[in-house]
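Please look over the sequence and the structure before reading on.

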Amino acid sequence: MPIHLLLLTTLLHLTQALTWHSLLYDTGLLGAHPVRKYESVDLAPPELNILAWDPRCEDKYVFFSPRGHFYPQPGPLIFDNKGELVWMESRFGMVMDFRVQRYRGEDYLTFWAGEDDGTRGLGMYYMLDSTYTTTHTITAANNQAGDIHEFQLTAAGTALITIYEIRPFDLTPLNGPANGWIYDCLFQEVDIETGALLFSWRASDHYNITESYFPLNGKGTGNSSDAAYDYFHINSVDKLADGRYLVSSRYMHTVTCIGRDGAVLWVLGGRRNMFEDLSGGLATGFKWQHNAKWVPGSDLSGATVDVMTVFDNGANDHVMDEGSSRGLVLEVDVGNWTAAVRSVYPAPGGFSAHSQGNVQVLEESGNVFVGWGKAAAFTEFSARGDVLCHTHWGPQMFFPLGWVKSYRTYKAAWVGRPVAPPDVAVDQGSGTVFVSWNGATDVAGWVLQRVWNNATEEQVETVDYVPRTGFETAIEMAETAGFWRLVAVDFTGEELGYTEVFGLDDSESGSLFAAMAADEGLLHMLIPACAVGAMLAALWQTRKRISIGLRYLASRRARRVY
């Protein structure tokens, strides 16, 4: 077939599955980092390219933390199930492992923040409540620096954290220097309230450097502390109620179960694999993996089979052992020393995530949610492996380069009630008002109120109700005279918060009211105009809106607030 016909055929096949916008997006023709912008706030989150969407996907929020060469303001992000921004924040800088975790019966946003040297992190761990206020800051014990790879809360009120410690080490077994250096990998369990160290485990006490699959060369020659050899690379820790820990070592290709006394109970994968593979090598043959986690609810009393998830990268930045990455759900039968694959969740389209990534079994539906790490994408599968929802938040063309990436991506329920007021902006020319509330999850709509001020008390008159339409709602004002505010309400009509007072003929409305208070003469001049505005507002007939608006307006007419 002539080359031009081949290209045309390929293009036609692509356009059957993608809109033109999606095609331009994923080929990078819209830029390395397409963004959305808003009028009411100076935020520019990633533009999502939703390639598949199914109502069977859990109606919860997506949590990730973009960073990379083409992501100028790294930080945590929350999107809803339909791709609308919910919350964006940059005050912490680059964060990792951003998600919702439960502590003492309450949900918190948790993450690591600090600096990293390309291998490890040097920072602390944060917990934010529903108002996005920092309530806990956790540090590693023994003057260690907290690493990026894990911040896992337990039901016992403790936190599991990882640490990379640069220390002298004999590297002659690998033909390296006798006075060499390694990144030794540790994890600690600390009490959240007191910071007390409850448990610690060190990889070099249990693993030999000769078991590593990562070569002693290039950046990690081990010749100095600045070029320490990363032989183990811990990237996840989890714990069961019975006290057993699960540790993933990327460079050993192993998942290790550790007892409460620190002893190695079993090893899955790698050079020390202890299990017969009943799945033709797939259950023990993962490579360069991330995020080994116990599946919630699988730790049944007396059960001999452990169920876990593993994100099988199948590649690193220098080696591609597999053509694409995948999520795995594995069964490990310790009684019979066998391992098997329960489910495989391959990357849609067959792309490779050279680093990072995670697999999450959603407890409500049993769906499996996968964050593709260095590949800027996330996918929700049915339990049996059907792709339900699939989203790119960066062009697929640049997935191998990692120009925009997120260490992990999660899905969870969340209620956000920010303490800052909603944001509002006015387009004077078109008479359009734009309103948003960064972080608020309960807003169903916006009540438009006319406002006047007699220097002693504020008076308001409800005029209209507008349903919320995504992160930012645009409201075309039928009348522009006077001053206004918008009230966020939930589905019951309860008021959640108020914007500042604004006017369509002066964008500095707050300053104008301050000037009025300072200038009594100007105030007296404007009182008649405000009175006329009030009369007009009383004559204003609200348009028919959705039922919540009607209920709210009815209640407001019954009890007008002054």
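## Basis of the report

A pocket, on a 1 Å grid over the protein atoms alone, is an open set of points where a 1.4 Å probe fits, with protein on both sides within 12 Å along at least five of seven lines, and its lining residues have an atom within 4 Å of a point. Grid points are joined across faces, edges and corners, and a volume is the space filled by probe spheres set on the points.

The model is predicted, so local features need pLDDT of at least 70 and side-chain atom pairs count only at pLDDT 80 or more, while totals for chains, interfaces and linings use all residues. Residues are numbered from 1 along each chain as its sequence is written, and side-chain values use heavy atoms, with hydrogens and water left out.

The largest pocket holds about 1,200 Å³ of space, and among its 38 lining residues Q101, Q152, L153, P296 and E363 lie nearest its centre. At least two lining residues come from each of several strands (DSSP runs of E, at least two residues, numbered from the N terminus), including strand 5 (95–103), strand 13 (234–239) and strand 26 (409–412). The lining divides into 15 nonpolar, 10 polar and 13 charged residues, where Ala, Val, Leu, Ile, Met, Phe, Trp, Tyr, Cys and Pro count as nonpolar, Asp, Glu, Lys and Arg as charged, and the others, Gly among them, as polar.

The second largest pocket holds about 730 Å³, and G118, T119, H233, Y251 and D317 lie nearest its centre among 31 lining residues. Its lining comprises 10 nonpolar, 13 polar and 8 charged residues.

## Nonpolar cores

A nonpolar core is a set of buried (under 20% relative accessible area, 1.4 Å probe, protein chains only) Ala, Val, Leu, Ile, Met, Phe, Trp, Tyr and Cys residues joined through side-chain atoms within 4.5 Å. The largest has 34 residues, and those with the most contacts inside it include F64, F351, W372 and W393. A second, separate core of 26 residues includes Y207, I209, F214 and Y229.

## Two positive phi values

Most residues other than glycine have a negative phi. N175, in the loop between strand 10 (158–169) and strand 11 (180–191), has a positive phi near 60°, and N175 is exposed (over 50%), with a relative accessible area of 77%. Q356, in the loop between strand 21 (338–346) and strand 22, has a positive phi near 65°, but Q356 is buried, at 7%.

Definitions and conventions. Helix = DSSP H or I, 4+ residues; strand = E, 2+ residues; numbered from the N terminus.
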